[in-house]
2 protein chains.
Amino acid sequence: MLQPWLPVAPDSDFSIHNLPFGIFSDDRPARAGVAIGNWVVDLATAYGLNMFPHYPEAGNAFRKPVLNELVALGRSFSDYVRKIIQTALCDRESVLHQYSDHLLIPQKKVQMHMPLKVGNYTDFYSSEEHAFSVGQIFRPENPLFPNWKHLPVAYHGRASSIVVSGTPIPRPRGQIGQADGTPAFKPTHALDYELELAWVIGKDSAVGQSVPVAEAEDYIFGLLLFNDWSARDIQRWEYQPLGPFTSKNFASGVSPWIVTWEALQPFRVPAPLQQPQPLPYLAHHPRQNFDLSLSVGVRPGHREEFLVCQTNARDIYWTAAQQIAHHTVTGCNMQIGDLLATGTISGKNITQKGCLLEATLNGTQPVKLGENIERRFLEDDDEVIMRGFGQNVNVRVGFGELRGKVLPALL
Amino acid sequence: MLQPWLPVAPDSDFSIHNLPFGIFSDDRPARAGVAIGNWVVDLATAYGLNMFPHYPEAGNAFRKPVLNELVALGRSFSDYVRKIIQTALCDRESVLHQYSDHLLIPQKKVQMHMPLKVGNYTDFYSSEEHAFSVGQIFRPENPLFPNWKHLPVAYHGRASSIVVSGTPIPRPRGQIGQADGTPAFKPTHALDYELELAWVIGKDSAVGQSVPVAEAEDYIFGLLLFNDWSARDIQRWEYQPLGPFTSKNFASGVSPWIVTWEALQPFRVPAPLQQPQPLPYLAHHPRQNFDLSLSVGVRPGHREEFLVCQTNARDIYWTAAQQIAHHTVTGCNMQIGDLLATGTISGKNITQKGCLLEATLNGTQPVKLGENIERRFLEDDDEVIMRGFGQNVNVRVGFGELRGKVLPALL
């Protein structure tokens, strides 16, 4: 058992088994760090103290304001860095211990930034419970389209407006269809979150080439919590025939720490059986998901936070490998820093729904936030807090929090 | 009248009034250039010879392998560079004339590259003739959805797979729905081009802020020809409910030379009247498009090229300013290097249709390529050639060619 010399709470998301990568700043500019307990390991400074002697050329990657260059060095590099830090955290003779005043910075003293320059972002629709219950709301006679069980349905999202946890979200204004069939321009009355995970792509592929499903997991650097903010009334009016656009592109949130592929391995579980069997380019064995507990809390104004969703990522119908294989099947390339989000993750029960659209049956059955407060959709000053972690008897690995507060619409 | 000292054919797209920006390489690395007649002006070398004394800090922008940094310097900068070159081209005492052996490189001796790192790419659906005739094919009872005349319908496309003219396109393979309701995995039998124009964004806006329609044109750096390659059989099976994905994301083509906003001004024309009137955030005066002749040729194998489409951009229903205002209305930001494509540009007549889906009525009425050849959709070794230009009595400004050849599907 790894026993670090600094105190890490047993329920900390940032255990010695996790060591996720992020971008932080204090009085010095934004740079790369690794989270441990309540601290950040300053990788740029650690590099200066020669903690990573096998990669003498890697110093620049630690000093950049995004992790793309670090990710581009490959999983063998990030794994090396994590192992060095893991060892140092258990060794009171280490440089990390010796220079801990310079190398370990309390998380509450730093600001976290967007971990990546996201080149391309794709949102899948890979939770069957979600696709089915949303389909039931909009098309009761036909909840799942005939293609849904044959391919991981997805759309290209907007990369530019992905923002890090803590960035406030002004209530969007846009076109909303009215009963008379014409639109009005007004603030959305149906602002929603979507609880998702987003795979970070860590390897380039070439335009015109497909990534075989058996190799697809090699393209994953790590995982983030993802909130695909959505304005349901705007979405309903605009989405035909080309899909959601202004109802989604105003902002998406990500958690600041990228949990690495290696740190997720203890939580592999079999993915749900697929019937009908998918085409061979989507077939892989073993098909596995990750047993990750996920939750959403809503905190109205300055009041207490209430949990509105508790679910798990283990039952996602289409695996990450299948998503990548399908995304590239016709020849689309993957690029380092791309995000592939799962789509809303929901379970069967009403308390397991990853968005308010489902949890309130399209606003008809409000959720309760304690005794006196209820919500059909989000109101101004509501803060949405997403959390996620994997846990077994020995190991806990989590994402920390993804927070976003709704501000009143701009005039 | 501007009279250059080097010979420029009267029908050259690259007249002294155009001077578009691109990225080229010869025996030296890729760098910025401006096209004039059959030559490229080497901007990096011109900078070294002090041709741009008012921007001493701009040298790096000319030496980069993409134009994003140059674009970021603003339209006042690019306009300054064009005016310096324009003046020099009319002055036999100029540095450009004196050092023409070093500064002017024949276009046939250079390779053109992607002019930009495209951060985000959006495809609109803004030609009414196109939307209506495609709608008629797929939904004869309901060709235009109720939202179409109220907002510029669009979807987010894939930025990573945008390739420059001349890049060959392997025939994509993917899921195609069959008569029994299940999909087969095979090469597309309905490969199509889409004739479009793409606006290059030259200015950043902030997340959470809308760009007012009256200011939207300030965000445009210039214009490209754009080919949104599409696999119609894959598209038909996958597109519900979130829009096209693998049927489009395998590749999109762009012409190598960015025609600047300033060079397009002589071709402004009134845009079609809009009925019903759009909401105030989309209303601007004067609403103008650009009178640009557009064509598509198909060259089967090593045979002759045949024109399959001649149309014009003047009748696009939603203007560039309206597209930007709508794109940002809920708070989505614009970033330098983003592309906003118009969607397929079609006219009323069958010879004015910007894609084969329309020109062949979904493959039922083949187009003739001379006496003995016809096409329902594209075949292997077909080369698609798009061209476009504006012309009045004094001025011709064009895009050059956007070429792409279909290769057989990979095994």
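In which sense, parallel or antiparallel, do strand β25 and strand β26 of chain A pair, and over how many bridges? In this predicted model, β25 (residues 382-391) and β26 (residues 396-407) of chain A run antiparallel to each other, joined over eight bridges. The points below cover that sheet, the relation between the two chains and the interface they form.

**Sheet in chain A**
- Strands β25 and β26 belong to an open sheet of five strands in chain A, ordered β9-β26-β25-β20-β21, with mixed pairing.
- At its edges lie β9 (169-170) and β21 (306-312) of chain A, each of which pairs on one side only.
- A:Ile385 has A:Arg403, in β26(A), as its bridge partner.

**Relation of the copies**

**Interface of chains A and B**
- Each chain contributes to the contact, with 63 residues from chain B and 63 residues from chain A.
- About 5500 Å² is buried between the chains, 61% of it on carbon and sulfur atoms.
- Two salt bridges are found across the interface; the side chains of B:Arg158 and A:Asp338 meet in a salt bridge at 2.6 Å, N to O.
- Polar contacts across the interface comprise 28 residue pairs, both residues at pLDDT 80 or more.
- Elements giving two or more residues to the chain B side include β10 (173-177), β11 (183-187) and α8 (232-238) of chain B.
- That side of chain B has 31 nonpolar, 26 polar and six charged residues.

Terms used: Residues numbered from 1 in each chain as written. Chains lettered and ligands numbered in written order. Predicted model: local features only at pLDDT ≥ 70, side-chain atom pairs only at ≥ 80, totals over all residues. Heavy atoms only, no water. Pairing = 2+ DSSP bridges. Helix = DSSP H or I, 4+ residues; strand = E, 2+ residues; numbered from the N terminus. Contact = heavy atoms within 4.5 Å. Buried area = accessible area lost by both parts, 1.4 Å probe. Salt bridge = Lys/Arg side-chain N within 4 Å of Asp/Glu carboxyl O. Polar contact = N/O pair within 3.5 Å; in protein donor to acceptor, adjacent residues only side chain to side chain. Nonpolar A, V, L, I, M, F, W, Y, C, P; charged D, E, K, R; others polar.
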